[in-house]
Amino acid sequence: MAKKRKFRRRLILLLVIGLIAIAGVLAYRHFWFYRPIGEGPTGPPVDHTLFADTWTDRRIVLLGVGDSITAGLGARTAEHSYFNRLVRNPDDEFPEMDGLCLSVVLPNLETNNLAVSGTTSLAHLKVLAERLDSHEPDILGFVVMTTGGNDLIHNYGRTPPREGAMYGATIEQAKPWISNFQKRLNKMLDILDLRFPGGCHVFLADIYDPTDGVGDAPSVYLPAWPDGLAIHAEYNAVIHACAEQSANVHLVSLHQEFLGHGSHCRQFWRKTYRHEDPHYWYFDNIEDPNDRGYDAIRRLFLNKIVNVAKNLAEFDGQ
């Protein structure tokens with residue numbers, strides 16, 4: 001009998017240990033690898049009342065500059081990219097956003113998207129210098145721009161770090177490249193001012209972080225990068241400084257809005273946890289948004305454009 005009781009106790013103990021181990025594995029999978037996308041609208045609200053009347057009859061050019069985010073990689077269809085959603089609503093638009101697009105309030109809107117997937121800030125400067133013609137003085141430019149993200153993430157640790165493909169660099173290695181990025185960005189902004197003699201407003205996005213501020217690159221299936229967050233912060237500091245120094249450059253903070261929607265979106269104990277929408281906003285390739293991410297980006301840009309437009313003398317109906 002004693003042997004049987006001892007056997008039962010061991011069996012129970014093993015079962016308990018097994019259950020704890022299974023629970024631990026399931027919890028680990030849920031909080032570290034389970035990244036549901038969710039469904040429905042997301043991102044900040046947009047004021048309907050500001051789209052009730054035409055803003056201006058002036059000719060406006062909406063220009064897209066930058067990388068795959070502005071090109072729309074990761075969106076379910078082309079009409080779901082943030083650039084195209086700024087222009088007009090897709091057929092399956094969410095009711096709350098129906099009619100909230102630039103073509104409704106800008107009857108003389110023209111568009112030109114120069115963004116190319118996979119490009120870095122080095123290429124963006126070249127594109128503006130070589131492909132952007134000077135506009136007529138009666139045109140006002142609205143420029144939406146995403147740049148610098150690929151400078152950081154390329155070549156995913158597969159090659160030694162270099163300018164334009166900095167992944168794995170130390171902060172000391174990166175310092176001259178960060179300085180060059182600042183010079184390039186200022187040159188890009190100067191070109192935009194020159195090519196829009198009638199004026200332009202640049203809506204410049206900063207760079208999001210798919211690790212939700214943790215910096216653990218393996219959580220997004222990339223090699224460890226000890227100085228990654230520090231270099232990322234320096235790039236964003238350059239972008240923020242450019243927006244602060246120029247009255248016609250307006251910061252669009254993708255970084256802040258996307259915190260809590262990356263690889264740690266289910267970890268409720270983190271400060272970045274989004275109780276209202278604890279879902280993943282990134283596409284399969286990590287570096288681009290998914291469809292819901294693009295919805296949020298569209299709203300961020302649209303709110304910045306609205307905020308500028310309602311304070312412009314050009315938008316007085318004359």
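**Ground rules.** Residues count from 1 along each chain as its sequence is written. In this predicted model, local features need pLDDT of at least 70, side-chain atom pairs count only at pLDDT 80 or more, totals for chains, interfaces and linings use all residues, and side-chain values use heavy atoms, with hydrogens and water left out.

**Strands.** I looked up β4 (residues 200-205) and β5 (residues 249-252) and found them paired in the parallel sense over 4 bridges. Pairing takes at least two bridges found by DSSP; strands are DSSP runs of E, at least two residues, and helices runs of H or I, at least four, numbered from the N terminus. L204 stands opposite L251 in β5.

**Rings.** Next I checked aromatic pairs and got 11. Rings of Phe, Tyr and Trp (its six-membered ring) pair if their centres lie within 6.5 Å; planes under 30 degrees apart are stacked, over 60 edge-to-face, the rest tilted. F142 and F203 have ring centres 5.8 Å apart and planes at 85°, so I logged them as edge-to-face. F142 sits in β3 (residues 139-146) and F203 in β4, so this pair ties together parts 61 residues apart in sequence.

Are these two buried or exposed? F142 is buried at 0% relative accessibility, and F203 is buried at 0% too. Buried means under 20% relative accessible area, exposed over 50%, partly exposed in between (1.4 Å probe, protein chains only).

I also noted F268, partly exposed at 48%, and W269, partly exposed at 42%. Last entry: ring pairs link Y208, F258, Y280, W281 and Y282 into a cluster.
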